[in-house]
Amino acid sequence: MKWGFGVLRLALWGIACLVLAISGGCSKSAVKEVPLTYQHLKLLSRAYILATDDLGHPPTNRDELFPYVKKQGDPEKILRSSDDNEEFVILYGVDYHTQPPPVTIYEKKGNGGKRHVVRVRDIYQMSGEDFKKAPFPEGHKAPI
């Protein structure tokens, strides 16, 4: 009986070690750093939605949006892409309830042939070709 208890204890110890090894290994490989540009766009998207909801209409210019960006953090950082170091292009007056959700914010140049694009709450990284095909609001089109 003593031998059985020792084997059981050894087995439990082995299982515990295996669980720790797996969970430690998984957390290291699954955790990825979120790009700074993505973080800024997430905050900017949130500010745009909050401004729209508070104002009762989409922000029509920078002055209407700025207080909401400021609530999210440092506007000088949030309004600028860390990929191309340019200010994001914000399409003012776009109702985020429109279906399909149009492009509301995008990087001027991006990096490596791709740029981050916001369509309401969703952020995509698009190639130049995909960007040209993206749904823009009426009166706007992708820059050439």
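Colleague: Is Tyr 106 buried or exposed, and with what relative accessible area?

Modeller: Quick caveat: this is a predicted model, where local features need pLDDT of at least 70, side-chain atom pairs count only at pLDDT 80 or more, and totals for chains, interfaces and linings use all residues. Residues are numbered from 1 along each chain as its sequence is written, and side-chain values use heavy atoms, with hydrogens and water left out. Buried means under 20% relative accessible area, exposed over 50% and partly exposed in between, using a 1.4 Å probe and protein chains only. Tyr 106 therefore counts as buried, its relative accessible area being 7%.

Colleague: Which aromatic residue forms a pair with Tyr 106 across distant parts of the chain?

Modeller: There are three aromatic pairs in the structure, pairing meaning ring centres of Phe, Tyr or Trp (its six-membered ring) within 6.5 Å, with planes under 30 degrees apart stacked, over 60 edge-to-face and the rest tilted. One of them is edge-to-face, with Tyr 106 and Phe 136 at 6.1 Å centre to centre and 75 degrees between the planes. Strand β2 (residues 105-106) holds Tyr 106, and 30 residues away, in the segment after α5 (128-133), is its partner, Phe 136.

Colleague: Why does Phe 136 count as buried?

Modeller: The label follows from the relative accessible area, because Phe 136 comes in at 16%.

Colleague: Which residue has its charged end over the ring of Phe 131?

Modeller: Phe 131 belongs to a cluster that ring pairs build with Tyr 106 and Phe 136. A charge sits over a ring if NZ of Lys or CZ of Arg is within 6 Å of the ring centre and within 35 degrees of the ring normal. Here the charged end lies 4.2 Å from the centre of the Phe 131 ring, and it belongs to Arg 115.

Colleague: What pattern does the secondary structure follow along the sequence?

Modeller: Helices (H or I, at least four residues) and strands (E, at least two) are DSSP runs, numbered from the N terminus. The protein chain has five helices and four strands. Read along the sequence, they go α-α-α-α-β-β-β-β-α.

Colleague: How far apart are the end C-alpha atoms of helix α2?

Modeller: Helix α2 covers residues 36-55, 20 residues in total. The expected span is 1.5 Å times one less than the number of residues. For α2 that should be 28 Å, which agrees with its end C-alpha atoms, apart by 28 Å.

Colleague: Which residue follows α2, and what is its phi?

Modeller: The residue after α2 is Gly 56, with a positive phi, near 85 degrees.
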